[in-house]
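Welcome! Here is a short tour of a structure that may be new to you. Take a look at it first, and then read on.

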Amino acid sequence: MAKSWLLFLSLLAVARLGHCQQPTKAVGDCSSKAYQDTLVARYLDRGAHRVSYLSPQWGQYCDSLIAACPNIAYAYQQKAMPLIKCGDYAKSMPLIDKAVALDENRWLAYRGFLKCIFTKDYAGAIADFQRVAELKPNGREMDHTYAFFEGACELELGHYKLAEKAFATDMALQRGADGQGSIHFNTLWYAGVAAARLKQYAQAEKYLQQCLKAYPQHPEANYYLALNYRVQDQPALARQHLEAAQRALISGYRLNEDNIFYANYPEQITEFEVRQALREVEK
Amino acid sequence: MKCLCAGFLFLLSLPSRAQYLSFNGGEYLDTTTTRNPACAKVPTAPYFAVDGKYPLSSATLVREATAFLAHDSRKFGGSGYVTFRFVIDCAGFRQPMTQVLQTDANYMPTHFRPELVNELYAFLKTLKDWRAATHSGYAVSYFTYLTFKITDGKVVAVIP
């Protein structure tokens, strides 16, 4: 076990030690995109990205890139990414702030995403997403509109009307100008949760059923639909959906977001909550 | 004698300092390493490679942490993050060696009142349902963390 810890500590030393390669003093023009790309290819594509991002070398390659040209926002983001996944906010968030300062257009939404999903700073995330929506009204982050994350944050802050409004915007953006775009099942799930919190049970049921039509095993949609039925005094339907949620979780179905391995999404549940709800329905 | 008593009372009135142990550049609440012979030769993975998040939702953990803190009548203040990092061995047991990281709400390093940190650590010790993880069919130990987001002294989120 001591060995495990030594390994663990060495992994956590990411970005703290010296340099893999001697940082090359910029011989080119750091303001040139072409020159920046050359350095990114050298230190990240052919460097950091060939080792585990939990290896100390990862941070060292990033440091080398930063030493060569300190104005490449991507270097700071790459250095921050493994740190935030290990809960080191003091080291990671200033790096993300630096990336945003250097390239707001590219990294502001990413910072909002980190605040929403990783550090649960919902007010901070909303501010970032509202700002970036002004810069890029049709932008996306992690496959979702900015309004999607804004809605999830408002939901967690208990601002259900604002959440409802944000999810309406999210849906409108997904439908697109021709109104033909399909809506992501997780938008429908969150919109259903927001409607339920507003005691709009029929609307909540509609959204959650739509979500399950797209993804029948969605554990959270089944769970929250069950709660919706329970509130409406329909225990048989509640039990049916809780059992569906339990089967789905046991079979490995999740809410299908890339980052759920690192951090729980707002309103995400586990089998524990489903078992608890089943006990209450069976009372 | 009066001076001695006054001095003693003065010392008692000072906020207590946490007994953080410095190790490898970090602060630790416990540096004890234990050896489970069954896990001695298994590799250590990161929590996210083995679905190693604690098997309760964040909302449930917030409720349980809040209830745990409520048994103590002390009121705490401050906002930010208290993170504990540790290893779960291949049999699913949390290992005692525990690093603690603390930041304020703006992610700047800080120290919360040690009594609060100790209470959160005591709560962490009550969590016994860590998964025994496997990777590619083999038992592995894994390193993980639990962060308590604190707002005005109250637990408002548990991460990851």
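## A buried tyrosine

B:Tyr107 is buried, because 20 other C-beta atoms lie within 10 Å. Here a residue is buried if 20 or more other C-beta atoms lie within 10 Å of its own, exposed if 12 or fewer, and partly exposed in between, with C-beta atoms placed from the backbone. You will find B:Tyr107 in the loop between strand E5 (98-104) and helix H3 (114-126) of chain B. Although not a glycine, B:Tyr107 has a positive phi of about 70°.

## About the model

This is a predicted model, in which local features need pLDDT of at least 70 and side-chain atom pairs count only at pLDDT 80 or more, while totals for chains, interfaces and linings use all residues. Residues are numbered from 1 along each chain as its sequence is written, and chains are lettered from A and ligands numbered from 1 in the order in which they are written.

Helices (H or I, at least four residues) and strands (E, at least two) are DSSP runs, numbered from the N terminus.

A:Asn256 counts as partly exposed because it has 13 C-beta neighbours inside 10 Å.

In chain B, a cis peptide bond links B:Ile159 to B:Pro160, with omega about 0°. B:Pro160 belongs to the segment after strand E8 (154-159) of chain B.

## Where the chains meet

In all, 28 residues of chain A are in contact (C-beta atoms, placed from the backbone, within 7 Å) with 35 residues of chain B. On the side of chain A that touches chain B, H1(A) gives the largest share, six residues.

Methods. Two residues are in contact if their C-beta atoms, placed from the backbone, lie within 7 Å.
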